[in-house]
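This report describes a protein chain for a reader who is new to structural analysis. Please keep the sequence and the model in view while reading.

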Amino acid sequence: MLDMSWFAFLGSFLAILLLLLILRVPVAFAMLGTGALGALVVYGDVNSALNQIGLSILSSVTTFTFTAIPLFILMGELMFRSSVAQEALDELSIAMRRMPGRLAMVAVGGGAAFGLLSGSTLANTALFGRTLLPDMEKRGYDPRLAVGSILAAGGLAMILPPSALAILWGGVAQVPIGPLLIAGIVPGLMMTLGYVFIILVWSRRGADGEEVAARRRSFAEALSSGLKRAAGPGVIVVAVLGTIFFGIATPTEAAAIGAVASLVLGVGMRKLTWRGLYDSCVGTVRTTTMIFAIVLGSTLYAQLMSFSGATSGLVDAVTSAVSGTVLMLLVIMAVLLVLGAFIDQVSIMLVTAPLFMPIVGAFGWDPVWFSILLLINLQIANTTPPFGMSLFVMKGVAPHLKMSLLYRSVLPWIVSDLVVITILAIFPSIVLFLPGMMS
């Protein structure tokens, strides 16, 4: 190994990696390229570096934990391609026809439901910006309410289970997947209630425009339609979470149950065609390949941080400089907010996991509690002016909107999320009581 201090190695490694990410080099290639260069520096010769890269690649994707990701993605793809998920959302929209801000409510619910398909808040923003925003504008919604609800909705997909990004973080950071998924339920509901409160307050001021009058249905019609269009997906989600919560199945086994149940539901309702099944498999392979390619680079990166002494050196430096638990947590949250202005959530998780988790252990924090705070923080960072990446995605989808409007539209939602994260930071038991009840 070349004679290089841990500080110089860590600084050089992160500087090169962040530069490549800012230049929009794909995350997987940026991490693999920087990792290969780092391995050459650490081990000193090409053969040793290549051996380490090979071992890292083999160990990264041969873990049982990550098998839940393609299965959950397949479950979401099957629901999407068979139109089961869309029909459930349509039924939800009809059921809420008398509620103020109905389309904004649908955006919030849809953001959580469709987050599994893409695994990305940015992709959700683009999807709902193209589909729901024109309808809201046509019906006279206040642009700030329309845009804000879409930007905020994507964050629920990171917290509410089953969350592909939570599974990815759990695998990389070595946080138990089952408790992490279950721990997201209460915080996700708290975020949802905050969003609903904002929509109701905004709608009372006439910000939700004019809704199209819908035909009133009898109770029997509503019950029949609800059971036909929404009961199936609801039962599948409850079954998946229930098997994890009661210890009947691991997250991977629960994901397999969900995928099979989604296939049976699509076929049973005669909504899933052979073409839809093929597209579901292709979409699953495409998304999984992207995620696993990123994991390859992140594993090499984590091992280099440990072998070079950067991880232990950083922990020693941080714990000696910052003794207060609250101050350390604030520093980490601030770092996440800054990173969120430049790179996407997946990149942030993979860059920070090997650095933050040893600090979590040093301060005695619960890793599940910290992980939930991190996931919420990443959503806030993605929508924070002036450089939140979701803002620029929305600008690309709706170029007629001014950036100043986008900045104003996200402020109430950011405040709501900050309130939630503050409550969770002060009262960790809110996050941990459901995982503590798991079998």
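## A covered helix

In helix 8 (residues 143-159), 15 of the 17 residues are buried, so that the helix is mostly covered. Buried means under 20% relative accessible area, exposed means over 50%, and partly exposed lies in between, with a 1.4 Å probe and protein chains only. Helices (H or I, at least four residues) and strands (E, at least two) are DSSP runs, numbered from the N terminus.

## Basis of the model

The model is predicted: local features need pLDDT of at least 70, side-chain atom pairs count only at pLDDT 80 or more, and totals for chains, interfaces and linings use all residues. Residues are numbered from 1 along each chain as its sequence is written, and side-chain values use heavy atoms, with hydrogens and water left out.

## The chain as a whole

The protein chain contains 22 helices and zero strands. Of its 439 residues, 53% are buried. Among contacts (heavy atoms within 4.5 Å) with a separation of 6 or more, 81% join residues 24 or more positions apart.

The accessible surface of the protein chain is about 18900 Å², and carbon and sulfur atoms account for 70% of this surface. Such areas come from the Shrake-Rupley method with a 1.4 Å probe; for residues, only the protein chains shown count as cover.

## The nonpolar core

A nonpolar core is a set of buried Ala, Val, Leu, Ile, Met, Phe, Trp, Tyr and Cys residues joined through side-chain atoms within 4.5 Å. The largest one has 129 residues, and those with the most contacts inside it include Trp169, Ile332, Trp365 and Phe370. Helix 18 (residues 345-363) supplies the largest share of this core, twelve residues.

## Aromatic rings around Trp365

The whole structure holds seven aromatic pairs. Rings of Phe, Tyr and Trp (its six-membered ring) pair if their centres lie within 6.5 Å; planes under 30 degrees apart count as stacked, over 60 as edge-to-face and the rest as tilted. Trp365 and Phe370 are stacked because their ring centres are 6.0 Å apart and their planes lie at 20°. Ring pairs also link Phe356, Phe363, Trp365, Trp369 and Phe370 into a cluster.

Trp365 counts as buried at 9% relative accessibility, and Phe370 counts as buried at 0%. Beyond its neighbours within four places in sequence, Trp365 contacts Thr325, Met328, Leu329, Ile332, Val360 and Phe370.
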